[in-house]
Amino acid sequence: MRPSAQPARTARALAYLAAGLPLGAAALLALLLLTASGAALAPVLVGVPLLALAALTGIPVAAAERQRMRLLDVPPPPTQHTAPDRPGLWPWARHRFTEGATWRELGYAVLLATTLWPLEAAALTLLVALPGALIATPPLLAMDGSEVKVLKLWSVTGQPVAFACAAAGCALLLLASHPLRALAAARARLIRVLLAPEIREVTVRELTRSRARLVDAFEAERRRIERDLHDGAQQRLVSLSMTLGLARLDIEPGTPLHAQLTRAHAEAQAALAELRDLVQGIHPQVLTDYGLPAALADAADRCPVPATADTQSLPRFPEAVESAAYFVVREALANAAKHSGAARVGISARYDDGRLTLTVNDDGRGGADPSAGTGLTGLADRLSVLTGTLALTSPPGGPTVLRAEIPCRPCA
Amino acid sequence: MPSLRVVLAEDSVLLREGLIALLQRFGHETVAAVGDAQALTAAVAEHRPDIVVTDVRMPPGYGDEGLRAALALRESYPGLPVLVLSQYVQRAYAAELLESGDGSGVGYLLKDRIGEVEEFAASVERVAAGRPAVDSEVVRQLLRRHRDPLQRLTPREREVLALIATGRSNAAIARELVVTEAAVGKHIGNILAKLDLPPAEETHRRVLAVLAFLRS
């Protein structure tokens, strides 16, 4: 630590501790008012929500405490609270009351209001107000002219004594700077211990989030590629094919040039068909436009093995869910067509009780090994990001049943 | 075929210019060529064309704006022939289109078909004349499926139905299958009976048969 940074650190520590005073006072006031009025009104029921509100006092107090860390030039620790899974006041309240963090924070608010706050006020008085009063002696004496009562104890009448007081004040202030910083650091440490989540918890949460972000980014990238192919290569190929087609009209049939143009034209058409299949595998437009039932019916149509899709009416789900569901079915259909020797494949999709369930069953020879191909493993990973599961049963002799479950909520 | 007045909606300038040239080559006039669904609606109101040719995917959302606009136009101008071009075969698109209005004068083709210039021009004329034109790729996909009510049709009848869906006349079907027109008529009669279609005017029943085919 550079010496020049010391005064700045002391000033930060002082600001940090001083900011705690109004916070502690506010916490005390809120707790007292809410519990007292809540308890008094409890017989007429109005008090119950007031008491509930009192129990939530810890949340804003803890939030303010975390933000207060900025005064020490430290980033505020992340909150321990998690987001409620549904919008609205009631789900929010229910979520908060069942969280451990809420009660821990209430405990902290009570500790702050009853113990920490008075102690800090006393410490600040001792370390700052006292030297401050001593330092203020000479100007006070100059204003009054005859006499100043230093700290309401000693009477000082001459400027030399007054300046001696001020010098003593400065010395005290210098001496106080170290305990001030130590107090602020201890205080911040207490906040970290009580109000910040454990590191492991944060890491897991952050990893889960970043994985979900990666999947979203992956999804967005697929769509971008699909869009680029659609707007670029496909349009150009169609245009090329049209130009060749028109040119062919102007050439005498049977000539070598006509034959060559016909071949070029056929090549362009074949390239278009290949590109169309490729794009379809990247991100099907029907999924975006019409949702899962239409997309699954479409996938069934394209399956070389006769397939039927039984989907009833499903609501629309978030893009990541629909996309994962669609590609699970596509992979299962591809596997059935490639390995199972099945004569029929059945697809079903159901949404029930916050859970989208997809099953693909075939009447093939069974014995499918989920670890053999990367396809299913990749899909299981994709599902697990959505906290979904994938189960495959495929006894030798069949039938093979693949079942995927994704907990999700329909889009509003 | 008399010259058709066409309103064209396609957001790719390259394809738009190409399509104008193609239509001109076959003697049809493009009275307006626009790049988005909103402009399409305005152009139809202004020009009252003989046929609308539109892309499915257009700005601003690059979703199915063109199809939605086409369906809305069929609502506001009953009987307006509409030919929708799509980058992919989507049975849902075709079914929605054929269900609009009385189902006559709608076409749904893969964009690739523009390359088959003569076929494409014929499809434009067919749709303008009030007949359906469903892409053969859609039809091929449907034929792979084995399900009621198409199950009741013989392979030959399915073949005939597929050709009706792509918009062929009885004479054209007869030529394609190398049978007499009378035989085609008999097949069609069987198809309509087997699909339990209510008695109606001939064109309309053909459309209904195609619809049954698409919905199966």
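User: How many residue pairs are in polar contact between chain A and chain B?

Analyst: This is a predicted model, in which local features need pLDDT of at least 70 and side-chain atom pairs count only at pLDDT 80 or more, while totals for chains, interfaces and linings use all residues. Residues are numbered from 1 along each chain as its sequence is written, and side-chain values use heavy atoms, with hydrogens and water left out. A polar contact is a pair of N or O atoms within 3.5 Å; within protein, one must be able to donate a hydrogen and the other to accept it, and residues adjacent in sequence count only if both atoms are side-chain atoms. With both residues at pLDDT 80 or more, the count between chain A and chain B is 11.

User: Which element gives the largest share of the side of chain A that touches chain B?

Analyst: Elements giving two or more residues to that side include helix H9 (256-282) and strand S3 (307-310) of chain A; helices (H or I, at least four residues) and strands (E, at least two) are DSSP runs, numbered from the N terminus. The largest share, 13 residues, comes from H8(A).

User: Which residue of chain A forms a salt bridge with Asp112(B)?

Analyst: A salt bridge is a side-chain nitrogen of Lys or Arg within 4 Å of a carboxyl oxygen of Asp or Glu. There are 3 between chain A and chain B. In one of them, with the closest N and O atoms 2.3 Å apart, the partner of Asp112(B) is Arg276(A).

User: What is the area buried between chain A and chain B?

Analyst: Buried area is the accessible area (1.4 Å probe) that two parts lose on being put together, summed over both. Carbon and sulfur atoms give 49% of a total of about 3,300 Å².

How values were computed: Chains lettered and ligands numbered in written order.
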